[in-house]
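Here are my notes on the model, point by point. Please read them with the coordinates open.

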Amino acid sequence: MTTALELCGVGKVYPPPTAVTALADIDLVVEAGETVAITGASGAGKSTLLSILGTLERPSSGTLRIDGVDTSAMSDPQLSAVRATSLGFVFQQFFLLDHLSVLDNVATGLLYRGVQAATRRARAAAALRQVGLGERIGHRAGQLSGGERQRVAIARAVVGRPAVLLADEPTGNLDTATGAEITGLLAGLADERTTVVLITHNADVAAAMGRQVHLRDGRIVADSRDGV
Amino acid sequence: MASRLRVSDAVSLATVGLRARRIRATLSALGIAIAIAAVVSVLGIAESSKADLLDQLGEQGNLLTVASAQTVNGRARPLPETAEPMIARIPPVRSVTAVGFVEDVTVRRSAAIPAVKTSGISVLAARPSLVDTLSGRVLRGRFLDATAERYPVTVLGYEAARVLGIADLADPTQVFVGGRYFTVVGVLAPIAVAPELDMAALISFGVASDVFGRTGGPNRIYLRADPDHVVAVASVLSATASPARDGDVEVRRPSDLLVARIAAKGAFVGLFLSLGGIALLIAAVGIANIMVISVLERRGEIGLRRALGARRRHVALQFLLESTLLAAAGGTLGIVLGVVATAVAARLAGNPVEVPLTAPVAGLGAALLAGTLAGMYPATRAARLPPADALRTL
C-alpha cells in the first residue's frame with residue numbers, strides 16, 4: 001500500500017489574541033484507498049485537521065506529506081496546483097453556485113486545471129451520472145433539495161478524479177435517511193481507489209468508514225487501526 | 001502540473017458573476033454611463049465648434065479694421081474720403097473694403113409695420129468687395145455688384161434676414177428701407193469677425209448717396225494685410241487713414257474676438273470635463289463599494305475556488321475583470337448616450353453633426369481605467385482572504 005497522506009508532529013496554534021492551540025503533535029498516516037472518519041466534540045480540532053490535510057491552512061509545526069511529497073516548503077501557487085489535481089473537497093454548506101446549472105457547478109471542479117470547456121462539461125455529465133443525478137443536469141443548483149445539492153458537491157469533488165477526497169461534515173445539513181445515502185456514496189468511492197477522509201459528529205456515518213480516528217483537545221486519543 | 005485558468009474562462013467567469021447580480025451591476029454601470037456620456041458630449045460639442053473657430057482664426061488672423069471714433073453726441077464721424085485709397089497704397093495690404101453708416105434709416109418688412117419697430121437692423125453702405133475681403137459667404141442669392149450702384153437692392157446679414165423672417169429668395173422679396181421698397185438680392189452667412197454685419201441691411205454707396213443723401217467717406221475700413229506684417233501695418237493705419245486727426249481712429253484686429261471666444265470655450269470645456277471627471281470618480285467609488293460588498297458576500301465562493309485549486313491571482317483576476325467589464329459596459333452605453341446628446345445638440349444649434357474620434361476613445365479609456373482602479377482594492381482583498389477562513393464563514 002502507498003501512503004496518501006502523512007502528518008508528522010503537526011501542531012497548530014492560532015496567533016493572538018485567541019492564541020488557541022487547535023492541534024498538538026498529530027501523527028497520522030492515511031494509506032491510499034482508505035476511508036477515514038475523524039470524530040470528536042466541537043472544538044476538538046477536527047476542522048483544523050481537515051484544513052491542514054487539504055492545504056487550506058499551514059501547520060504551525062510539523063509536516064504534511066501528500067503522496068510522499070513534503071508540502072511545507074511549497075509556495076501558494078504550488079499548493080493551489082496540489083489542490084487542483086490531487087484533492088477534492090465536500091463541505092457541510094455545499095458551496096454551490098446557485099445561479100449556475102448543476103452541470104456547470106460540477107464542471108467548475110475542473111476549471112483551475114485549464115481543461116477546455118467542452119471536456120469539462122462532458123466529464124461533469126459523467127460524474128453526475130455516477131452520483132445518480134444524470135437527469136438533473138440542466139437544473140439550476142438553487143432548485144435542488146439538500147440531498148441533491150450534496151450529490152452535486154460530491155460530483156464536483158470527484159470530477160477531477162482526485163487521489164484524496166476530504167469531506168467536512170458532509171451529512172451535517174441533511175436528514176438521517178439522506179445522510180445515509182450520502183455516506184454510502186462516499187464509502188463507495190473507496191472502491192474506485194479514492195482515499196476518503198471525513199469529519200463527522202455522527203456515529204453511524206463514522207461506522208460506515210473503514211477507520212475511525214477520535215480527537216480530543218487537539219490530540220488523537222483513539223485510532224481504530226491501532227486497535228486503541 | 002500547475003493550476004491554471006484559461007483567459008476565456010476568466011472572462012466568462014466575470015460575466016457570469018455580473019449576471020448573477022444583474023440589478024446591482026446595471027445600476028453601477030449606469031453611474032459610469034452617465035459620467036462617460038457627459039465627458040463624450042462635452043468633448044463632442046465643444047471640440048467641433050472650437051475647431052470651427054480655430055479654422056476661422058487661421059483665415060482671419062490678418063484682418064484689420066479701421067473705424068472712426070464716435071463723437072460726443074453718439075454720431076459717428078466718417079473717415080476722410082482719402083482713407084481707403086491711402087490704406088490700399090500701404091505695400092503689405094492685399095485688399096481693402098469699406099462700409100459707411102446710413103443714419104436715421106430703418107428697415108422694416110413692409111410699410112405696414114410701425115416705424116418704431118426697427119428690430120435694431122442698421123443700414124450700411126458697402127463696397128462690392130466686402131464679401132471677398134472678409135472671406136464671407138453668400139448664403140443665398142448674390143452680393144451687391146456694379147448694377148447695385150444705381151438700383152434699390154439690398155443684401156441682408158444673417159441675423160437681419162432671420163429677424164425679418166426671410167427664409168429664401170425663390171420669389172422676389174422686398175423690404176421697406178427708409179421709406180421705399182428695396183429688393184433683397186442676397187443673404188450673407190454669419191461673419192464671426194464682423195458680427196456688426198450680421199444685423200445689417202447692406203446697400204451700395206451709390207444708392208446711399210442718391211436716395212438717402214449720404215455724404216463723406218466710409219465709417220469703417222476692413223483690410224487684409226500680408227500675414228507676416230500685420231503688426232507693422234496696424235501701427236501705421238491710424239496715421240494713414242486720418243493724417244489730420246489720427247486720435248479719432250480706432251484700429252482693431254477682429255481675430256482677437258475669436259481668440260477670446262476660443263479661450264472662453266476652453267475654460268468651459270475644462271470646467272465641464274472636470275465635472276465629468278468628478279462624476280466618473282464618484283461612479284468608480286460606487287463600483288469599488290459594490291465590489292467590496294460582493295467580496296464580503298462571496299467569501300464562501302472565494303474559499304471554494306481556492307479549494308478547487310484557484311491561485312490568489314486567479315481570484316484577483318476574477319474580481320478585477322468583473323469591475324472592468326462593468327465599467328466597460330457602462331462606458332459603451334455612455335458613449336452611445338454621449339454621441340446621441342452631441343447629435344441632438346448639434347441639430348438644435350444648426351451645426352453639422354460631428355463627433356471627434358478622440359471623444360469615444362477617451363471615454364472608453366477613462367471608463368476602463370476607472371473600472372480597473374476601482375476593482376484593484378476589492379480584488380486584492382479577495383485574493384488575500386485565507387481559504388480556510390473564507391470557508392468557515394457562513
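1. First, a term used below. A crossing of two helices is right-handed if the near helix is turned clockwise from the far one by less than a right angle, and left-handed if anticlockwise. Please also keep in mind that this is a predicted model.

2. Helix pair in chain B. Helix α8 of chain B (residues 255–297) passes helix α10 of chain B (residues 312–349) in a right-handed crossing. Their axes come within 11 Å and cross at roughly 145°. From α8(B), the contact uses B:Ile287, B:Met291 and B:Val295. From α10(B), B:Phe319, B:Glu322, B:Ser323, B:Leu326 and B:Ala327 take part. By class, that gives six nonpolar residues, one polar and one charged.

3. The chain A–chain B contact. Chain A gives 24 residues to this contact, and chain B gives 24 residues. On the chain A side, α2 (76–86) and β6 (87–91) each supply at least two residues. The largest share, seven residues, comes from α2(A). By class, the side of chain A that touches chain B has eleven nonpolar, nine polar and four charged residues.

4. The largest nonpolar core. This core has 127 residues. Those with the most contacts inside it are A:Val106, A:Ala155, A:Val197 and B:Ile36. Helix α2 of chain B (residues 22–60) provides the largest share, 15 residues. Where does A:Val197 make its contacts, leaving aside its neighbours within four places in sequence? The partners are A:Val30, A:Val36, A:Ile38, A:Leu50, A:Leu53, A:Val164 and A:Leu166.

5. The second core. A separate core of 60 residues includes B:Val155, B:Val175, B:Val177 and B:Val184.

6. B:Val155 in detail. B:Val155 lies in strand β6 of chain B (residues 153–156). Is B:Val155 buried or exposed? B:Val155 counts as buried because it has 29 C-beta neighbours inside 10 Å, and the cut-off for buried is 20 or more. Beyond its neighbours within four places in sequence, B:Val155 is in contact with B:Phe143, B:Leu144, B:Val185, B:Gly186, B:Leu188 and B:Leu202. B:Ala341 is 186 residues from B:Val155 along the chain, and their C-alpha atoms are separated by 36 Å.

Key:
Residues are numbered from 1 along each chain as its sequence is written. Chains are lettered from A and ligands numbered from 1 in the order in which they are written. This is a predicted model: local features need pLDDT of at least 70, side-chain atom pairs count only at pLDDT 80 or more; totals for chains, interfaces and linings use all residues. Axes are lines fitted to C-alpha atoms, for helices over the stretch in contact, and angles run from 0 to 180 degrees between N-to-C directions. Helices (H or I, at least four residues) and strands (E, at least two) are DSSP runs, numbered from the N terminus. Two residues are in contact if their C-beta atoms, placed from the backbone, lie within 7 Å. Ala, Val, Leu, Ile, Met, Phe, Trp, Tyr, Cys and Pro count as nonpolar, Asp, Glu, Lys and Arg as charged, and the others, Gly among them, as polar. A nonpolar core is a set of buried Ala, Val, Leu, Ile, Met, Phe, Trp, Tyr and Cys residues joined through C-beta atoms within 7 Å. A residue is buried if 20 or more other C-beta atoms lie within 10 Å of its own, exposed if 12 or fewer, and partly exposed in between; C-beta atoms are placed from the backbone.
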